[in-house]
Amino acid sequence: MVADVTQDRGLQYITTFNSDDLDKATRLGFEPDPHIRQLHPRDEIDTSGLFRFRL
């Protein structure tokens, strides 16, 4: 799986899933919890935001 390859090589892989597709992957044995990162953009400083873009 992509998660295994990226972990082995020290890479980051960014993707999006519809919730039903994530459910399918989970049923096939993928454990998503260790790989999910929630974004928490803040307005506190000028360099915050998503990829330094202000939201």
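## Whole chain

The secondary structure comes to two helices and zero strands. Helices (H or I, at least four residues) and strands (E, at least two) are DSSP runs, numbered from the N terminus. This is a predicted model, in which local features need pLDDT of at least 70 and side-chain atom pairs count only at pLDDT 80 or more, while totals for chains, interfaces and linings use all residues. Residues are numbered from 1 along each chain as its sequence is written, and side-chain values use heavy atoms, with hydrogens and water left out.

Show the surface next. The accessible surface of the protein is about 5400 Å², and carbon and sulfur atoms hold 51% of that area. Accessible areas come from the Shrake-Rupley method with a 1.4 Å probe; for residues, only the protein chains shown count as cover. Of the 55 residues in the protein, 11% are buried. Buried means under 20% relative accessible area, exposed over 50%, and partly exposed in between (1.4 Å probe, protein chains only).

Select T6. This residue sits in helix α1, residues 2–9. Is T6 buried or exposed? T6 counts as buried because its relative accessibility is 13%. Leaving aside neighbours within four places in sequence, T6 is in contact (heavy atoms within 4.5 Å) with L11 and Y13.

Move to Y13, in the loop between α1 and α2. Y13 has a relative accessible area of 53%, so Y13 is exposed. With neighbours within four places in sequence left aside, Y13 is in contact with V2 and T6.

Y13 and H35 are 22 residues apart along the chain, and 9.7 Å separates their C-alpha atoms.

## Stop two: the salt bridge

Select D21 and K24. Both lie in helix α2 (residues 19–27), three residues apart, about one turn of the helix. The term requires a side-chain nitrogen of Lys or Arg within 4 Å of a carboxyl oxygen of Asp or Glu. Side chains of opposite charge can pair when their charged atoms come close.

How many salt bridges does the structure hold? It holds one. D21 counts as partly exposed because its relative accessibility is 31%. K24, at 42%, also counts as partly exposed.

## Stop three: E31

Finish at E31, in the segment after α2. With 44% relative accessibility, E31 counts as partly exposed. E31 and A3 are 28 residues apart in sequence, and their C-alpha atoms are 9.8 Å apart in space.
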